[in-house]
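Good morning, everyone. I will walk you through one part of it.

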Amino acid sequence: MNKRFVYILGGVMAVVVVLLILVQFMSVRSNVELKEGYFHNLVNSTLVNVVRRLENDEIKKSLSFESLETFESVIMMADSSKIVILDTLRYEDPDLNPSKEHWLQALDSSSVSKLDMNRRLQLEDRPILDRIDTTILRSIIYQELHNNGIHAKFLCAIKTRYTGYNSYVWRSEGYNSKGYGEETIMLFPGDIHPKAYVLAIYFPDKVDYIRNQIGKFILPSILLTSIVLLVFILTLNVILRQKKVSQIKNDFINNMTHELKTPISTISLASQMLKDTSFEHSKSSVGHISKVIFDESKRLSHQVEKVLQMAVFNEGKLKLIFNELKVNDIVYQVTENFGFRFNKEEGSLDVDLQATFDRVKADEVHFSNVIFNLLDNACKYSGGISKIEVRTYNVDNNIVVEIKDFGIGIAKEHVKQIFDRFYRVPTGNVHDVKGFGLGLSYVQKVVHEHSGTIKVESVLGKGTTFKIYLPAKK
């Protein structure tokens with residue numbers, strides 16, 4: 001996959017996701033503002049009803065009539081238009097006997113003010129807390145809020161502005177709005193001489209209440225955004241994985257081409273030397289050339305076999321033959337055979353077989369290959385210091401095979417990827433170390449098939465340690 005195309009596609013998807021999140025955020029914000037405005041209007045409507053009820057309640061308490069007829073006659077004197085109310089009530093229900101409460105509900109501030117000016121002035125001159133029962137006030141507010149569909153916790157207060165600033169005449173316990181989110185309305189606006197008293201109401205949990213009100217809208221929005229974001233991340237991850245696989249595939253092809261080209265070139269050159277009749281071939285030279293051809297053919301066959309073996313193993317067609325074996329014996333045998341390389345290269349291979357319980361169920365051929373591959377890697381990446389330590393020991397119910405080198409080590413960012421198929425630690429175009437990147441992948445798969453685990457510890461420039469854990473039989 002083209003690198004530029006990956007970046008462009010990733011960028012476009014990122015912009016789309018950001019725009020979607022932004023649209024969702026703006027939509028939620030707009031809905032919150034709409035709910036806040038609606039809440040504000042409902043509270044204002046509630047306060048208007050509360051003030052009207054306070055005025056009407058005060059009139060009800062101040063007026064006393066011996067009979068309904070007297071009460072009706074007083075109202076008729078105050079405002080002849082009220083006759084219509086009585087006629088309407090009796091028209092709707094001929095058997096209705098209008099009570100004093102029917103008429104009190106029909107009164108408004110203008111009509112009441114016409115009843116008795118002196119009485120109105122007497123009511124207005126009383127202290128505000130004599131005109132309002134705070135217990136009844138809270139009850140009225142509660143009723144009106146519920147009538148308007150508001151079920152939030154509220155606190156209320158009565159304030160005055162006589163001194164030029166807000167001061168409390170009375171307030172609910174815990175009332176401390178500091179003016180934030182406070183709704184106010186003038187008390188007794190129908191007074192002949194209105195005083196500077198206001199009713200204030202405050203909702204301490206207003207934000208949570210509104211959030212709960214719009215929760216049914218926010219949750220689907222958040223869920224949708226989360227799903228889109230998750231799909232974006234997964235898609236981007238797939239793209240990056242495909243890019244990585246493509247890069248590994250290209251590296252593998254390059255490495256394989258290089259690894260196969262070398263022995264083929266050598267065989268071709270040796271064949272041309274044998275074919276060339278201009279040179280006199282002695283028995284020793286023919287033997288030498290034949291040995292080169294044989295060694296390179298064997299090397300080429302080994303490389304091809306390794307690729308085919310890994311392919312068969314990945315397809316699950318490779319069958320392991322498990323027998324009860326002694327790990328110490330296998331490690332000893334492999335290290336003995338491998339030790340000849342160190343004699344030639346003047347290296348050292350230290351073997352310390354400490355495991356007491358070393359019997360395991362294993363496939364002898366493939367487990368031997370695991371030890372050989374790890375030793376081969378330790379030799380390849382020795383960095384000129386061919387020193388390897390091999391140990392076996394017991395940990396709990398496991399036997400551990402530890403292979404440690406003091407070579408070039410592996411950078412931390414590459415440690416987790418070294419078991420990936422075809423992966424090789426990047427070295428640019430330098431091919432000092434031969435291979436396809438299949439060895440450690442094969443090692444890990446064989447160990448897992450033996451119900452074991454393999455761990456690696458490495459410090460760049462100081463060496464690498466591989467530890468194989470296998471369940472031991474006591």
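What is the handedness of the crossing where α13 passes α15? It is left-handed. A crossing gets that name if the near helix is turned anticlockwise from the far one by less than a right angle; clockwise would be right-handed.

A word on the source. This is a predicted model, where local features need pLDDT of at least 70, side-chain atom pairs count only at pLDDT 80 or more, and totals for chains, interfaces and linings use all residues. Residues are numbered from 1 along each chain as its sequence is written, and side-chain values use heavy atoms, with hydrogens and water left out.

Back to the two helices. Helices (H or I, at least four residues) and strands (E, at least two) are DSSP runs, numbered from the N terminus. The axes of α13 and α15 come within 9 Å and cross at roughly 145 degrees. Axes are lines fitted to C-alpha atoms, for helices over the stretch in contact, and angles run from 0 to 180 degrees between N-to-C directions.

Who meets whom? On α13, the residues include His 366, Phe 367 and Leu 374. On α15, they include Leu 440, Tyr 442 and Val 443. Contact here means heavy atoms within 4.5 Å.

Now the sheet. Five strands form an open sheet, with mixed pairing, in the order β6-β8-β9-β11-β10. Two strands pair if DSSP finds at least two bridges between them. β6 (348–353) and β10 (453–459) stand at the edges with a single partner strand each, so one side of each has no neighbour in the sheet. The twist averages 15 degrees from one strand to the next.

Look at one pair. β6 and β8 (residues 387–395) run parallel over six bridges. Asp 352 has Arg 391 in β8 as its bridge partner.

Where do the helices sit? α13 (residues 364–380) packs on the sheet and touches β6, β8, β9 and β11. α15 (residues 439–449) lies across β10 and β11.

Last, the core. The largest nonpolar core has 37 residues. Such a core is a set of buried Ala, Val, Leu, Ile, Met, Phe, Trp, Tyr and Cys residues joined through side-chain atoms within 4.5 Å. Buried means under 20% relative accessible area (1.4 Å probe, protein chains only). α13 gives the most to this core: seven residues. Leu 374 is among the members that touch the most others. Not counting residues up to four places away in sequence, Leu 374 touches Ile 403, Leu 440, Val 443, Phe 466 and Ile 468.

Definitions and conventions. Buried < 20%, exposed > 50% of the residue type's maximum accessible area, 1.4 Å probe, protein only.
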